[in-house]
Amino acid sequence: MGFEERGSPGPQPSAANMKELTWDNELAELAQAWANQCSFSHDDYKSRQTCAHSAIGQNLLIKDVTGKKISDAIDWPLVVHEWYNEVVFHPKSWVQQFTSLHNGKDAIGHYTQLVWADTNKIGCGAVRFDNQALFVCNYAAEGNLKEQPVYQEGKPASACTAGPSSFYPGLCK
């Protein structure tokens, strides 16, 4: 919608073609299966492919949850906010062309995957082990493609190929 004022520099421009994310059970099953391995690394790219989705992106986060109850350790709003908050390092000019997973030493690839215009499916899984919680989300279509736009700048939902979302003003179906 163009309300994000942060960036390096900001503000982030409004998106004309950003799709709403919908849950995908198959992506979630794959994410959970990977989380259950308790390994803080991305799985093999081919392992994420499904019959419906051949290009799947992935975000990971590991958190120290020492002293937290199991019900408090798996905190999805906190995880999504951590990924999204990388926006503070994202230059507004990079919306037109994805350049890198990092701006200097600062990560931005989790943020750009979250707001990648062509991504419309998400599935996530999490596991707690020892004093850590591992969070995994798989995205289709994959984002963070070099030299591709993160999204098209413009009036919100003005470049939707399937029309605007019925539920989320400013997003596309």
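A polar contact here is a pair of N or O atoms within 3.5 Å; within protein, one must be able to donate a hydrogen and the other to accept it, and residues adjacent in sequence count only if both atoms are side-chain atoms. Everything below comes from a predicted model, where local features need pLDDT of at least 70, side-chain atom pairs count only at pLDDT 80 or more, and totals for chains, interfaces and linings use all residues. Residues are numbered from 1 along each chain as its sequence is written, and side-chain values use heavy atoms, with hydrogens and water left out.

**View 1. Q12 and its surroundings.** The side chain of Q12 gets to 2.9 Å from the backbone oxygen of H90. Q12 sits in the segment before strand 1 (22–23); strands (E, at least two residues) and helices (H or I, at least four) are DSSP runs, numbered from the N terminus. Q12 counts as buried because its relative accessibility is 4%, where buried means under 20% relative accessible area, exposed over 50% and partly exposed in between (1.4 Å probe, protein chains only). Leaving aside residues up to four places away in sequence, Q12 touches several others, including E4, R6 and Y111 (contact means heavy atoms within 4.5 Å).

**View 2. E4 and R6 close up.** These two form a salt bridge, with the closest N and O atoms 2.9 Å apart; the term covers a side-chain nitrogen of Lys or Arg within 4 Å of a carboxyl oxygen of Asp or Glu. E4 is buried at 17% relative accessibility, whereas R6 is partly exposed at 32%.

View 3. Four strands line up in the order 1-5-6-2, with mixed pairing; two strands pair if DSSP finds at least two bridges between them. Strands 1 and 2 (56–64) are at the edges with a single partner strand each, so one side of each has no neighbour in the sheet. Strand 2 runs antiparallel to strand 6 (residues 132–140), joined by nine bridges, and D64 stands opposite Q132 in strand 6.

View 4. W76 belongs to helix 3 (residues 76–84) and F135 to strand 6, 59 residues apart. W76 is partly exposed at 26% relative accessibility, while F135 is buried at 1%.
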